Amino acid sequence: MKPILKHMIKTLFRMILLLIGVSILTFILVISSPIDPIDAYLGAETNVSQEQRDNVAEHWGLNKSPVERYLTWVTNLLHGDMGMSITYQMPVMQILITRFLASLTLMSVAWLLSGVLGFILGVLSGAMEGSAFDKGVKIFCFVLSSTPSFWIGLLLLMLFSVQLGWFPIGFSVPIGKLSSEVTFLERVHHLILPAFTLSITGISNMVLHTRQKIIDVLNTDYVLFAKARGENKWTIIKRHGLRNIAFPAITLQFASFSELFGGSVLAENIFSYPGLGSALSAAGRKGDLPLLLGIALCSAIFVFVGNLIANLLYGIFNPQIREGGESR
Amino acid sequence: MLKKIRLLMILLIVTISLVTGCAGNEGKNIIKDSLTISIGSEIVDGNYNPCNGYGTYGYDLFHTSLLKINTDLMIECDLATDYQVSDDGMIYTFTIRDDVKFSDGHRLRPEDVVFTYNTAKNSGSSVDLTMMEKAEVIDANKVQFTLHKPYSPFTRTVALLGIVPEHAYKEAYPSNPIGTGPFKVKQLDIGQQLIVEPNEYYYGNQSQFKQITFLSIDEETALAAAKSGQLDLVMVNPEYAKETVKGMNMQAIKTSDNRGFNLPCIPETVNAAGEIVGNNVTSDPAVRKALNIGISRREIIDHALNGIGTPSWGRFDGMPWANKEPGFRDGQVEEAKALLEEAGWVDTDGDGIREKNGLKCEFRVTGRTDDLQRYNLAVALSESAKALGINIIPEAHDWETCKQIVRNVPTCIGTGDYSFIDVYNAFHSSYVGVDVVSLSNSAMYSNPKVDGYLDAMIAATSENEAIELCKKAQYDGDTGANVDFPYIWIVNIDHTYFVRDGLDLGIQRIHPHGHGAPVIQNITTWTFTDR
């Protein structure tokens, strides 16, 4: 069998194992949580009779044993049916599709923002090590990485949306407007603050990492040689620096997929953005097992793909790894 | 290189300002014929199916029911022109109006009513029709319900179940309801906003607004949203009620949403499952009465709820079935102390806590962790009870645990919806057995006379009769729950909103249990008065 095919099959196998593991773990966690989905669904103190509560439990299959429930879920999943969400009263698949697309737009913008901006700032800061600019950037990054992203989100909201009125207070479309009349620019306008809030988590990581790498590169022998040849600093960075730090930066970027997902929960809640993050927090509060499992699988695949791409790119960028693999 | 970067930055800034400029003003000028409202996220979830529980708290925008609950909380006819109850209380017959159309122009038929009830009964949702055996059309314009057993609160169940059209009930019904109510869906962005417009076929009072937009805003950001000036009504947590927002005023609306603690009325014992039920301290009637008259509810509200709330004297304050007799005042510290002394509770060791036969006058109470208010109330109650020599130990636990131990450790409970079945659930001794696991009658209170009234209440054939019996169960001049004090009720929560100046919310029916959403129950009567 060709090595590439073998590699692909191995990867697929690993992904399936991962999904199984994640689903079992999620299942166990939700089952052992103190949230009673019937209470969460009906409201804890309504005057609904015990008889009706039993009806609800039976209707949603909540009165069977955990093992039975898990196996039912897996069997349905293999038939393409991810179950019904008790929170939204809709099929889980439908919820995942619509919300994933919305989240994807948000996350890609935030990801690009944190990657590009982070990289630029990191390079500049590393090149001008010790300067006031560098010190400023370092402080900025340390502060950012120590503050919770939802707090920053709230601050941004209060400043830009409430005080200055430059940006909307949330949502992905303007208030009260029919979707047929919403323009592309308006959608972008609504995306900016949430994307910015979401990118905050990833940016400082990227900046500091890139900055350190540039400093390391500038201290190597070949750069010393280049300086001796009379190259100026920026040419050195362009010729020798960028290529060397490109792949650690890219690996870092792709590995930050998982943080994106976690951060999106908070950012989406602050800005009432209808993505997977807000669905996740609603599902968590109601102990909505099918939806939680669906989102857990979704995010596991997402992160896995991110890391996989990072691995592949690493191979492409770094000839050593590529050739090392072939010689085996 | 640097020049290129600088150019890039400038380009970026220019693009951003272009985008913000182009997107323009977003409804900063509120036109008087449309409203923008935020009352929580549930209304934007896209689940508007009454058969699945939408509207069971009385504020269905799209449907109406056979009966309705008026501003005095009494039953009136709506889609039905009148109704009869058989002498044994098991058969209810409603005559249906023949001049009503759904929002798609189709006529409402009695068959739609039967369809609605049968669908709701089997939906596995919060609609409780377990008492109904069958529903059928008779005489071409009447619907007859046969119950398994007499159940006088059935009128309340009927008033809170909207009617859906059989011909239009498909998979996508929840997000696209077709009803006989005042509004229909213009546009729904699930999780974000719901835009509604008036239903031209509605037979009742038409709203003066051409369009109403409901937004889903996170509770913490609601205040920021209010300050942005883009909303006409924002529900906020009572903690923020003391803030000011330009162009808006704060309104606190009374509710029947109460908070109090159950006080187990039987001494501690172990049940068949090995759980401890009953409480040796609260089982003494003197302790229960002393607590009720000795604490200061106003003080507790000031400390735990920022002063927002109305003192509560009974479980049903504000409802037509509340009995205010014999009534009592609180803050009577000396009288409470005298009561306890007389009952044998004396502080012999000078630690501030009374004892009786070696038992300290102290007990734990719980507040559920997912509602900070309840724990705050537990702490404030404990502070207030100290003056009486009673030591209440507040604890915070998750709701599952609170429920599990509620018959031994009192918890902060809240009730208050539009059905008087609550009176039965509060006091009937059928819930008292030591092996019973239920929130109903968690005080394990039993009084044969009260049971008698409650049984008669369930079998009553008219609301007025049922309500009279509810009142007797509370106090019939001689005995009753109002003098046995199985609970201590502290406060009726106020629902707080920021309302645009000039927006008149009409006469608000007292809000039931639940967050601030019920404010829209009379939205067709809201108007903008001239500013």
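Biologist: Which domains does the domain assignment give for chain A?
Modeller: In this predicted model, where local features need pLDDT of at least 70, side-chain atom pairs count only at pLDDT 80 or more, and totals for chains, interfaces and linings use all residues, the bounds come from an automatic or database domain assignment. Residues are numbered from 1 along each chain as its sequence is written, while chains are lettered from A and ligands numbered from 1 in the order in which they are written. For chain A the assignment gives domain 1 (16-78) and domain 2 (92-325).

Biologist: Which element gives the most to the side of domain 1 of chain A that touches domain 2 of chain A?
Modeller: Two residues are in contact if their C-beta atoms, placed from the backbone, lie within 7 Å, and 14 residues of domain 1 of chain A are in contact with 11 residues of domain 2 of chain A. Helices are DSSP runs (H or I, at least four residues), as are strands (E, at least two), numbered from the N terminus. The elements that give two or more residues to this side of domain 1 are α1 (3-32) and α2 (37-42) of chain A. The one that gives the most, with 7 residues, is α1(A).

Biologist: Is B:E76 buried or exposed?
Modeller: B:E76 sits in strand β3 (residues 75-77) of chain B. A residue is buried if 20 or more other C-beta atoms lie within 10 Å of its own, exposed if 12 or fewer, and partly exposed in between, with C-beta atoms placed from the backbone. Because B:E76 has 11 C-beta neighbours inside 10 Å, it counts as exposed.
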